[in-house]
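Try each task by looking at the structure, then follow the solution step by step.

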Amino acid sequence: IFRATRTGHIRVLSFKVGIILLCRANLEDKFKYLFRLIADVNGYADERKLGLLLHDCVQTPRLLGEVAAFGGSNIEPSVRSCFERAGPGRREINVQMFLQWFMQEPQSLVWLPVLHRLGAAESAKHQAKCNICKQYPIVGFRYRCLKCFNTDLCQNCFFSGRREKGHKLSHPMQEYCMATTSGEDVRDFTKIMKNKFKSKRYFKKHPRLGYLPVQTVLEGDDLESPVPRSPPTLHPSDLHTRMEHYANKLAQVQLRPRSNSTPE
């Protein structure tokens with residue numbers, strides 16, 4: 001993954017990053033450790049060191065052929081996004097600034113928390129019933145609507161786009177990979193009450209993304225069809241000259257003796 005040239009050597013940083021990304025540790029602890037790998041003695045990292053870390057992080061989706069869905073293999077926009085979130089004019093960031101950026105799930109790294117939640121949701125059971133297929137308890141991911149009261153979907157119904165009467169696919173949803181706590185239930189109820197007073201125009205104007213978009217740079221050739229070139233315009237005198245030339249050639253062909261003609 002980390003050595004495309006297959007020379008038999010790999011950087012120590014790349015080896016550590018690969019091991020940490022695929023282990024089953026706490027997600028925040030993972031990235032605290034990863035940041036310590038690139039930080040100096042004062043606990044700060046500059047753009048170059050952050051770029052080295054992010055470059056190794058995107059090698060897994062690149063190998064699987066999915067890197068385009070996460071913004072491409074160019075990590076420069078992600079580095080710029082992290083430093084812009086930390087504050088204007090910053091040349092170095094600390095671990096808290098890095099974690100605040102990562103917890104917003106930037107596009108280039110969104111596959112990591114998704115992979116973490118997939119592992120956590122494998123054996124999760126939620127004390128809720130799916131409003132569509134009536135599965136109880138919901139196993140795996142649970143999706144709660146933040147616009148409708150008492151509307152829960154299992155992962156199969158959610159990913160297949162199924163919906164019940166009154167619920168729309170454009171409604172904001174909350175994903176849970178583990179059983180909810182009483183605090184999370186109260187928080188979601190408060191969000192539902194607020195969303196009840198918001199119009200459809202508000203949700204269209206403020207679409208909710210599940211990740212922090214990163215301005216990407218197109219890689220490779222443009223996939224759009226090239227604009228067909230118009231044929232060159234001939235001057236009238238050139239056109240007449242060419243027509244006269246073709247007429248003379250045609251006359252020569254007609255006057256040429258036929259090879260299969262019979263002798264007199």
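**Exercise 1. Find which residues of α3 and α5 meet, and work out how the two helices are arranged.**

Step 1. On the α3 side, the contact (heavy atoms within 4.5 Å) uses E47, L50, G51 and L54, and these meet S78, V79, C82 and F83 of α5. Helices here are DSSP runs of H or I with at least four residues, strands are runs of E with at least two, and both are numbered from the N terminus.

Step 2. Sort the residues by class: five are nonpolar, two polar and one charged. Here Ala, Val, Leu, Ile, Met, Phe, Trp, Tyr, Cys and Pro count as nonpolar, Asp, Glu, Lys and Arg as charged, and the others, Gly among them, as polar.

Step 3. The axes of α3 and α5 lie 9 Å apart, at an angle of about 125°. Axes are lines fitted to C-alpha atoms, for helices over the stretch in contact, and angles run from 0 to 180 degrees between N-to-C directions.

Step 4. α3 and α5 are therefore oblique to each other. The classes are: under 35 degrees roughly parallel, over 145 roughly antiparallel, 65 to 115 roughly perpendicular, and the rest oblique.

A note before you go on: this is a predicted model, where local features need pLDDT of at least 70 and side-chain atom pairs count only at pLDDT 80 or more, while totals for chains, interfaces and linings use all residues. Residues are numbered from 1 along each chain as its sequence is written, and side-chain values use heavy atoms, leaving out hydrogens and water.

**Exercise 2. Describe how α1 packs against α2, and then against α3.**

Step 1. Helix α1 (residues 12–22) and helix α2 (residues 27–38) have axes 10 Å apart, at an angle of about 175°. So α1 is roughly antiparallel to α2.

Step 2. From α1, the residues L13, K16, V17, I20 and L21 make this contact, and from α2 the partners are K30, F31, Y33, L34, L37 and I38. By class, nine of them are nonpolar, none polar and two charged.

Step 3. Now turn to α3: its axis and that of α1 come within 9 Å and cross at roughly 55°. That makes α1 oblique to α3.

Step 4. Here L13, S14, V17 and L21 of α1 meet L52, L53, D56 and C57 of α3. This contact has six nonpolar, one polar and one charged residues.

**Exercise 3. Which residues have the most contacts inside the largest nonpolar core?**

Step 1. A nonpolar core is a set of buried Ala, Val, Leu, Ile, Met, Phe, Trp, Tyr and Cys residues joined through side-chain atoms within 4.5 Å. Buried means under 20% relative accessible area, exposed over 50%, and partly exposed in between (1.4 Å probe, protein chains only).

Step 2. The largest core has 30 residues, and L21, F31, L50, I93, F98 and L109 have the most contacts inside it.

Step 3. Its elements with two or more residues are α1, α2, α3 (47–57), α5 (76–86), α6 (95–102) and α7 (111–121).

Step 4. Look at L21: leaving aside residues up to four places away in sequence, L21 touches K30, F31, L34, C57, W111 and L112.

**Exercise 4. Is R24 buried or exposed?**

Step 1. Find R24 in the loop between α1 and α2.

Step 2. R24 counts as exposed because its relative accessibility is 74%.
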